Amino acid sequence: MLVLAVVLGSGCIVRKLRITRRGASPTAQLATASLEDLIGQISALDKAVQTINATVDLAPSLGSVNKGEIDEYKDIRAFILIRKPGMFRIIGQAPVVRSLVFDMFTDGTSFQIYFPTRNKLVVGQNNMDRPSPKKLENIRPQHLFDALVVHPVGQGERAVLENRTDETDASYIVHILRGTGTNLKLARNLWFERIGLRLTRQVIFDTKGDIVTDARYDDYKPVQGVSFPNTITITRPADEYGIKLTVEKVELNKEITDDKFVLTPPQGTETFDMTKRPLGSGSGTR
């Protein structure tokens, strides 16, 4: 006992570890919240924002971290229109010259994508699963909508809370499950940092438990009384593409009329129907 007391008192076996949490500084006061608090926060935000009219810089990247190679493209100026519950349009322009690169639209059920340089209009259903070997052609407007509009816990869904606070992290994670009885499946999870309790990440899963969308939210700024992320990074691992959105200008709850969601390509545009054959096959992909 005497020897142990001498060793402990001398500090010979004491080593200080510096805590470096990703969600908070080591000395920051962590906030506390219940599952009901966090679910209520998402529901309140969903009710507070009905339309989004934004100008963003969009940087696509193709490839996979699993394959060790990612190609990044130059920033594209894009204009985003969102009207809940499911209307979404995004128009992309090339750097400098600002010529039209793409025009995408979805009403929550079907989609249209116009590529002016190919004189092609691609149409299909949102629930289709026919990936193209040309990764850029796998981008769907619904993928972006689901990342930009964080849905509250809905009917038929259950939520459980994980407090992931240790020496490397300080986050609450709301896991949202879908199904009944023993047939529960992880639908998505929402990550909140524990300083301001802001949403930092949303992960959406398929029925097999694989990640289909991983969205990160950062650089929050007040917009018309709402805290809004100015940097949104979206990754689609299976489709091997990602998109980083940097908000330049945003207006919330401004009226957006039906005509703003009408995509009308020029006469003579080739229409490619995804419900009839997979994109990436045949002469229509050139």
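Me: Which residue in β11 is the bridge partner of Arg-188?
Reply: Heads-up: this is a predicted model, where local features need pLDDT of at least 70, side-chain atom pairs count only at pLDDT 80 or more, and totals for chains, interfaces and linings use all residues. Residues are numbered from 1 along each chain as its sequence is written, and side-chain values use heavy atoms, with hydrogens and water left out. Five bridges join strand β10 (residues 185-193) to β11, and the two run antiparallel (strands pair if DSSP finds at least two bridges between them). Across that pairing, Arg-188 has as its partner in β11 Ile-204.

Me: How many strands are in the protein?
Reply: Helices and strands here are DSSP runs numbered from the N terminus (helices are H or I, at least four residues; strands are E, at least two). By that rule the protein has three helices, and its strands come to 15.

Me: Which residue in the turn between β11 and β12 has a positive phi of about 90°?
Reply: Strand β12 (residues 211-223) runs antiparallel to β11, with five bridges joining them, and one link has Phe-205 facing Ile-211 in β12. The two strands form a hairpin with five residues between them, and the one in the turn with that phi is Gly-209.

Me: Why is β11 largely enclosed by the rest of the structure?
Reply: Buried means under 20% relative accessible area, exposed over 50%, and partly exposed in between (1.4 Å probe, protein chains only). Strand β11 covers residues 199-205, and it is largely enclosed because the buried ones number six of the seven.

Me: Arg-201 lies over the face of which residue?
Reply: A charge sits over a ring if NZ of Lys or CZ of Arg is within 6 Å of the ring centre and within 35 degrees of the ring normal. Arg-118 does this over Phe-115, at 5.7 Å from the ring centre. At 4.8 Å from its ring centre, Arg-201 lies over the face of Trp-191.

Me: Which residue in β7 is the bridge partner of Ile-113?
Reply: Strand β5 (residues 100-106) pairs antiparallel with β6 (residues 110-115) over four bridges, and Met-104 stands opposite Ile-113 there. On to β7 (residues 120-125): six bridges join β6 to β7, again antiparallel. In β7, the partner of Ile-113 is Val-122.

Me: How many aromatic pairs are there, and why does Phe-88 with Phe-145 count as edge-to-face?
Reply: Rings of Phe, Tyr and Trp (its six-membered ring) pair if their centres lie within 6.5 Å, with planes under 30 degrees apart called stacked, over 60 edge-to-face and the rest tilted. That rule gives a count of two. The rings of Phe-88 and Phe-145 have centres 6.1 Å apart, and the pair is edge-to-face because the angle between their planes is 65°.

Me: How many residues apart in sequence are the parts that Phe-88 and Phe-145 tie together?
Reply: Phe-88 is buried at 0% relative accessibility, and Phe-145 is buried too, at 2%. Phe-88 lies in strand β4 (residues 87-93) and Phe-145 in helix α3 (residues 141-148), so the pair ties together parts whose separation in residues is 57.

Me: Where does Phe-261 lie?
Reply: Phe-105 and Phe-261 form a tilted pair, 6.4 Å centre to centre with 50° between the planes. Phe-105 is buried at 10% relative accessibility, and Phe-261 at 3%. The two are 156 residues apart, with Phe-105 in strand β5 and Phe-261 in the loop between β14 (241-252) and β15 (270-273).
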